[in-house]
Amino acid sequence: MDKLNFLTAGIPASAKKSSYEEGLKVLDELGLDGLEVEFVRGVRISDVSREVLIKNSKDYVFTAHAPFFINLNAKEQDKVDASIRRILETAEVTNDFGGYSIVFHAAYYLGDDKEKTYNTVKEKLALICSQLEEKNNKIWIRPETTGKATQWGDLDEIIKISNEFAQVLPCVDFAHLHARSNGEFNAYDDFCMILERIGTEIGSYALNNFHAHVAGIAYGAKGEKHHLNFEEADMNYKDLARAFKSFDVKGVVVCESPNIEVDTNILKEYYNSL
Ligand SMILES: [Zn+2]
């Protein structure tokens with residue numbers, strides 16, 4: 001990508017109707033760059049929405065968040081199969097409407113150790129990548145850094161798995177890293193360390209094709225509780241924006257605060273002021 005793009009998580013709240021067509025008008029008014037389509041419960045999109053996204057995919061950046069019911073480490077085969085299917089469907093639909101990348105919460109440990117879970121996730125991602133290759137679908141597939149210690153996907157795991165597959169890169173959810181560690185990962189130096197590691201351990205292409213999530217977040221000893229707006233939370237989005245600038249990060253940053261476009265705009269304006 002040629003710059004850092006600022007995306008809302010879903011259709012902006014102030015859109016006259018909850019439609020992509022109206023949502024894009026809000027993005028235009030604010031000078032935002034695109035949005036992440038939220039497949040919360042299933043990979044469903046109406047023909048009208050699909051057409052709007054296809055028609056606008058040259059002028060905006062679109063990404064997608066796969067449904068939440070995904071666990072590549074599930075103990076029942078039918079749940080694993082359904083998880084793989086949801087990721088593949090998200091990749092297919094998003095590729096069809098001209099999207100840039102998809103993100104998902106890959107797995108829960110369910111009592112397994114980190115190594116066993118890693119190997120299971122890797123095995124399932126290999127299946128996913130080979131199916132995408134067969135279909136010539138080249139969209140980025142991104143497991144996300146997760147918000148709870150019970151969920152697979154700390155920074156080490158996400159970096160390591162990204163090195164296993166050409167088509168896999170991280171989605172770094174900075175609010176999740178902050179919440180998962182009960183308050184760490186929130187200073188300029190921490191953000192720089194994360195970007196430095198991604199640039200050296202995966203390669204500079206990972207910083208030129210970055211996908212970040214950020215939001216205010218409530219957390220405790222067990223990690224993530226729920227998202228908050230920036231002004232209600234301690235998420236240090238200003239230093240994060242500074243770190244993006246220092247590393248000349250390109251790609252997308254999706255803001256997941258409940259006020260959607262308000263915080264996305266605050267983040268973009270702060271970044272542009274640097
Ligand atoms: Zn997510």
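Biologist: In which strand does leucine 7 lie, and is leucine 7 buried or exposed?

Modeller: In this predicted model, leucine 7 lies in strand β1, which covers residues 4-9. Around leucine 7 there are 26 other C-beta atoms within 10 Å. A residue counts as buried if 20 or more other C-beta atoms lie within that distance. Leucine 7, in strand β1, is therefore buried.

Biologist: What separates the C-alpha atoms of leucine 7 and leucine 32?

Modeller: Along the chain, leucine 7 and leucine 32 are 25 residues apart. Leaving aside neighbours within four places in sequence, leucine 7 is in contact with residues including Asp33, Gly34, Val61 and Val253. The C-alpha atoms of leucine 7 and leucine 32 are separated by 6.5 Å.

Biologist: Is serine 19 buried, partly exposed or exposed?

Modeller: Serine 19 lies in the loop between β1 and α1. It has 15 other C-beta atoms within 10 Å, and a count between the limits of 12 for exposed and 20 for buried falls in the middle class. Serine 19 is therefore partly exposed.

Biologist: How are helices α7 and α9 oriented to each other?

Modeller: The axes of α7 (residues 188-202) and α9 (residues 237-246) come within 8 Å and cross at roughly 40°. Angles under 35 degrees would count as roughly parallel, and 65 to 115 as roughly perpendicular. The two helices, α7 and α9, are therefore oblique.

Biologist: Which residues of α9 make the contact with α7?

Modeller: The crossing of α7 and α9 is right-handed. On the α7 side, the contact is made by Tyr188, Phe191, Cys192 and Leu195. By class, the contact has six nonpolar, one polar and two charged residues. The α9 residues are Asp239, Leu240, Arg242, Ala243 and Ser246.

Note on methods: Residues numbered from 1 in each chain as written. Predicted model: local features only at pLDDT ≥ 70, side-chain atom pairs only at ≥ 80, totals over all residues. Helix = DSSP H or I, 4+ residues; strand = E, 2+ residues; numbered from the N terminus. Contact = placed C-beta atoms within 7 Å. Axes fitted to C-alpha atoms, helices over the stretch in contact; angles between N-to-C directions. Parallel < 35°, antiparallel > 145°, perpendicular 65-115°, else oblique. Left-handed = near helix turned anticlockwise from the far one by under 90°. Nonpolar A, V, L, I, M, F, W, Y, C, P; charged D, E, K, R; others polar.
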